[in-house]
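Please keep the sequence and the coordinates at hand while reading.

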Amino acid sequence: MSIHNENIRRVTTQRVLEMKQRGEKISMLTAYDYTMGSIVDRAGIDIILVGDSASNVMCGNLTTLPITLDQMIFLAKSVVRGVNRALVAVDMPFGSYQGNSREAIASAIRIMKESHCDCLKLEGGEEVLESVKRILSAGIPVMGHLGLMPQSINKFGTYTVRAREEAEAEKLIRDAHLLEEAGCFALVLEKIPAQLATKVAKKLSIPVIGIGAGGGVDGQVLVLHDMIGLNNEFSPRFLRRYANVQEVMHKAIENYVRDVKSADFPNEKEQY
Ligand code: KIV
């Protein structure tokens, strides 16, 4: 965060680790702009993720692949300006870290320098370990991401539950340990069997935050637009919808159109 409010106790990577140690569940949601970031922060969330799911929900792309480093930095900067308390994590977009660790560190430094976020998240285990280590060596906290990795959709071919098979589950466990040993401060597990996620969370000393990974992990993350019903097109089993904001907006806009057309708006009190 660029502007520090001395009266607010900020969430740090250390505080997130302490939450796991005392058994306090960690709450995490995405946000992609200033207004949403500030609403989510004021509601008391622990971690705000500027997710590359912005590619889907903000830009209308079918996958997370097209979003660029420049676009992620633009969104992250806006979110950071609205946040006083939460830890702000930013997703490294597809193509910004997979090539080699030099590219990875250059991308990571750009995101940190230009957005003023607190930490980064990237997808993958052993395959990206060198990049993870290089980023960590620059003093940048890293959150891992295993299980369903949307940036690899073209390899998987589907968004279905991952690691149901023993071989994939064993690799996931190995990768989780590698990421912890490398120094990641937390790990996201997406859409894997609850039993496997619980086992990983018990074995690791760093916090494990799940999305579609059951209740046996150390925290939960959801995409804000899905969770508040701003986007109603995505209804996986793991999603709990807490509001129907799309309906509220739709009604408000319909009423506005009606009032403009009928010349009811603006009235005498709404003019100078
Ligand atoms: O991009 C994103 O929103 C994410 C969450 C689903 C964890 O990575």
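How much space lies in the second largest pocket? The answer is about 380 Å³. As a caution for what follows, this is a predicted model.

The lining of the second largest pocket consists of 20 residues, and those nearest its centre are Gly124, Glu127, Met149, Ser152 and Lys155. Helix 8 provides the largest share, with four residues. Sorted by class, the lining of the second largest pocket has eight nonpolar, six polar and six charged residues.

The largest pocket has a volume of about 680 Å³. It is lined by 30 residues, with Ser53, Asn56, Val223, Asp226 and Phe234 closest to its centre. At least two lining residues come from each of helix 3 (54–57), strand 4 (119–123), strand 6 (186–190), strand 8 (219–222) and helix 10 (224–227). In the lining of the largest pocket, 13 residues are nonpolar, nine are polar and eight are charged.

Next comes the ligand. Which pocket does the ligand sit in? The ligand sits in the largest pocket. Around the ligand are Thr30, Leu49, Gly51, Asp52, Ser53, Asp91, Lys121, His145, Ile211 and Val223. The shell around the ligand divides into three nonpolar, four polar and three charged residues.

For Ser53, an N or O atom of the side chain is 2.5 Å from an oxygen atom of the ligand. For Asp52, the corresponding distance between a side-chain N or O atom and a ligand oxygen is 3.0 Å. For Asp91, a side-chain N or O atom likewise lies 3.0 Å from an oxygen atom of the ligand. On its own the ligand has 260 Å² of accessible area, of which the protein covers 95%.

Two points of backbone geometry remain. Where is there a cis peptide bond? A cis peptide bond joins Phe265 and Pro266, with omega at about -5°. Pro266 is part of the segment after helix 11 (245–261). The other point concerns His116, a residue other than glycine with a positive phi, near 65°. His116 is found in the loop between helix 5 (101–115) and strand 4. Strand 4 was named above, as one of the elements that supply at least two residues of the lining of the largest pocket.

Definitions and conventions:
Residues are numbered from 1 along each chain as its sequence is written. This is a predicted model: local features need pLDDT of at least 70, side-chain atom pairs count only at pLDDT 80 or more; totals for chains, interfaces and linings use all residues. Side-chain values use heavy atoms; hydrogens and water are left out. On a 1 Å grid over the protein atoms alone, a cavity is a set of points where a 1.4 Å probe fits but cannot get out, and a pocket is an open set with protein on both sides within 12 Å along at least five of seven lines; lining residues have an atom within 4 Å of a point. Grid points are joined across faces, edges and corners, and a volume is the space filled by probe spheres set on the points. Ala, Val, Leu, Ile, Met, Phe, Trp, Tyr, Cys and Pro count as nonpolar, Asp, Glu, Lys and Arg as charged, and the others, Gly among them, as polar. A residue is near a molecule or strand if one of its heavy atoms lies within 4 Å of it. A polar contact is a pair of N or O atoms within 3.5 Å; within protein, one must be able to donate a hydrogen and the other to accept it, and residues adjacent in sequence count only if both atoms are side-chain atoms. Accessible areas come from the Shrake-Rupley method with a 1.4 Å probe; for residues, only the protein chains shown count as cover. A molecule sits in a cavity or pocket if more than half of its atoms lie within 2 Å of its grid points.
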